[in-house]
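Subject: Structure for your review

Dear colleague,

Please find the structure below, together with its sequence. A summary of the findings follows it.

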Amino acid sequence: MAWNEPGNNGKDKDPWKQGGRDQGPPDLDEVFRNLSKKFGGIFGGNKNSGNSNSNNSGGSAALILILVVALLVWAFSGFYTIKESERGLILRFGQYHSEVMPGIHWKPTFIDTVTPVDVTSVRSLRTDGFMLTQDQNLVRVTFEIQYRVFDARAYKFSVVDADSSLREATDAALRYVVGHSIMDDVLTKGREVIRQNTRTELEQIISPYAMGLQLVDVNFRDARPPEEVKAAFDDAISAQEDEQRYIREAEAYAREIEPRARGQVNRMMQEAEAYKQQTLLKAQGEVARFEKLLPEYLAAPQVTRDRMYLETMEQVYGNSSKVLVDVKNGNNIMYLPLDKMINNSGDTKAPVVNPLAPSSRTNDNDSRTPDLRPEASRADSTRTGRG
């Protein structure tokens with residue numbers, strides 16, 4: 001049945017005005033007044049009061065409106081976002097409740113508190129200071145560590161300040177390792193050992209506290225003596241570096257000379273072996289030749305002796321650049337400088353000298369041919385001619 005339908009015993013179904021027939025829009029003041037009357041009993045209001053009742057109804061309506069707006073603001077203020085690299089820790093009335101993953105979430109404001117913790121980024125921490133070594137020397141050491149958070153709850157609630165605790169643990173571990181090392185190792189060749197020992201010691205220190213931290217890397221940045229004695233230490237370090245450089249140069253020289261010396265040794269051994277084989281074969285050849293010559297000598301001693309003499313003279317004169325000519329029935333021996341004659345023939349044409357030309361002291365009928373007979377035969381002919 002429609003509202004305000006005629007014939008309803010003088011009553012319409014207007015919810016705003018019972019019994020009237022006014023078709024105008026409803027009065028907002030009347031609406032809020034009716035609402036205030038309904039909620040008046042809840043807040044202890046008096047429905048039978050006069051003008052004060054109307055004023056209280058208007059104040060109650062404004063209060064309700066404020067509450068509704070505050071409720072909406074409170075509801076919308078509960079939305080929050082956790083980044084991809086973070087984890088959210090929810091505290092309900094100050095006590096740990098749960099952990100939320102990245103994304104958009106809602107929390108009841110003033111009841112829950114969300115603390116985001118970055119668990120992806122690598123953080124760095126540096127510590128430095130003067131430290132005493134095992135040999136009672138003072139050095140200034142700079143050390144840096146890199147770490148990240150892998151447990152957000154342990155990082156926030158295991159200790160008061162995890163970063164500060166890690167700094168103090170790093171300083172303690174570094175001082176312990178440096179205190180058990182000598183100064184030369186800290187300044188020069190022992191840095192890698194100190195770095196590894198410091199990391200091991202630091203992990204042992206922070207392990208019982210369960211701070212939710214994981215070491216990524218540790219770096220030994222710098223180690224230097226105090227400024228008052230820095231020049232002397234620089235000279236000592238320079239001397240050590242020169243020592244290492246000389247050692248490397250000597251090793252390089254040894255690696256270069258050793259193969260060459262080995263090659264020379266092998267070459268000399270091969271030459272000695274070749275000379276040995278050559279001498280041995282030559283001796284064997286001489287023995288074989290002597291064994292073949294001996295029967296001939298026994299058969300004809302004179303002929304064999306003359307032949308041996310001629311072969312020997314052929315070898316001797318063949319290796320000489322000087323020629324001596326003994327003229328038959330003469331007292332002079334003619335010398336021919338063939339070496340000079342050969343050298344002069346290369347530059348200019350020297351006059352040809354006949355080695356068989358007659359001498360002014362001999363007869364023209366004498367033949368100038370050299371006597372190449374054996375010594376015994378030549379002696380016999382000389383005695384015969386003179387006789």
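Against which elements do the buried residues of α4 pack? They pack against β6 (123-132), β7, α3 (152-157), α5 (183-187), α6 (191-206) and β8 (213-224), where contact means heavy atoms within 4.5 Å.

Some conventions first. This is a predicted model, in which local features need pLDDT of at least 70 and side-chain atom pairs count only at pLDDT 80 or more, while totals for chains, interfaces and linings use all residues. Residues are numbered from 1 along each chain as its sequence is written, and side-chain values use heavy atoms, with hydrogens and water left out.

Helices (H or I, at least four residues) and strands (E, at least two) are DSSP runs, numbered from the N terminus. Helix α4 (residues 162-179) has 18 residues. From its first C-alpha to its last, α4 reaches 25 Å, close to the 26 Å expected at 1.5 Å a residue (the expected span is 1.5 Å times one less than the number of residues). Its buried residues are Ala 162, Leu 166, Ala 169, Thr 170, Ala 173, Leu 174, Val 177 and Val 178; buried means under 20% relative accessible area, exposed over 50%, and partly exposed in between (1.4 Å probe, protein chains only). Viewed down the axis of α4, these buried residues fall within an arc of 155°, so they line one face of the helix (the arc is that of the directions from the helix axis to the C-beta atoms).

Thr 142 lies in strand β7 (residues 138-149) and, at 9% relative accessibility, counts as buried. Leaving aside residues up to four places away in sequence, Thr 142 touches Arg 126, Thr 127, Asp 128, Phe 220, Arg 221, Asp 222 and Arg 224.

The charged end of Arg 191 sits over the ring of Phe 220, 5.6 Å from its centre, and that of Arg 140 sits over the ring of Phe 130, 5.0 Å from its centre. The criterion is NZ of Lys or CZ of Arg within 6 Å of the ring centre and within 35 degrees of the ring normal.

Finally, strand β2 (residues 86-92) and strand β3 (residues 95-100) pair in the antiparallel sense over five bridges (pairing requires at least two DSSP bridges). Ile 90 stands opposite Ser 98 in β3. The two strands form a hairpin with two residues between them, and Phe 93 in the turn has a positive phi of about 55°.

Yours sincerely
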